[in-house]
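Student: I have a structure to look at before class. Could we go through it together?

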Amino acid sequence: MANERRRNVYAAQILVDGSPVRCKVRHLTDSSAIVQIHNAPLVPAAFGLRVPSAGLDIDCSVVWRDERRLAVKFLN
């Protein structure tokens, strides 16, 4: 089980004002993801998300957030 869970965590970056900020992506689907990041309340409502190991570079919109996580839906 731990190995399965580990495979579902991806190193990623969000683009805030054109600058990359490191984060982790969990629960990646074709249309959404959970992004784990410090200071999630400071992240804008829409941003770019890059997940190199999954070949993903996409615009996102925040659906909900808490202190360390963002649920996002993909826009394109």
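Predicted model: local features only at pLDDT ≥ 70, side-chain atom pairs only at ≥ 80, totals over all residues.

Student: How many strands close into the barrel, and in what order?

Tutor: Six strands form the closed barrel, in the order E1-E2-E3-E6-E5-E4, and their pairing is antiparallel. From one strand to the next, the twist averages 45 degrees.

Student: How many bridges join E4 and E5?

Tutor: E4 and E5 pair over six bridges, in the antiparallel sense. Within E5, cysteine 60 is the residue opposite phenylalanine 47.

Student: Now the core. Which residues touch the most other members of the largest nonpolar core?

Tutor: That core has 19 residues, and those touching the most other members are Ile14, Val35, Phe47, Leu49, Leu70, Val72 and Phe74. Strands E1 (9-16), E2 (19-26), E3 (32-36), E4 (46-51), E5 (56-65) and E6 (69-74) each give two or more residues to this core. The largest share, four residues, comes from E5. In soluble globular proteins, nonpolar side chains tend to be buried together.

Student: What does isoleucine 14 touch, leaving out residues up to four places away in sequence?

Tutor: Its contacts of that kind include Val35, Phe47 and Leu49. Among the others are Ser19, Pro20 and Cys23.

Student: What does valine 9 touch beyond four places in sequence?

Tutor: Valine 9 touches Lys24, Val25 and Arg26. As for glycine 48, its C-alpha atom is separated from that of valine 9 by 18 Å, and the two residues are 39 apart along the chain.

Conventions. Residues numbered from 1 in each chain as written. Heavy atoms only, no water. Core = buried A, V, L, I, M, F, W, Y, C linked by side-chain atoms within 4.5 Å. Buried < 20%, exposed > 50% of the residue type's maximum accessible area, 1.4 Å probe, protein only. Contact = heavy atoms within 4.5 Å. Pairing = 2+ DSSP bridges. Axes fitted to C-alpha atoms, helices over the stretch in contact; angles between N-to-C directions.
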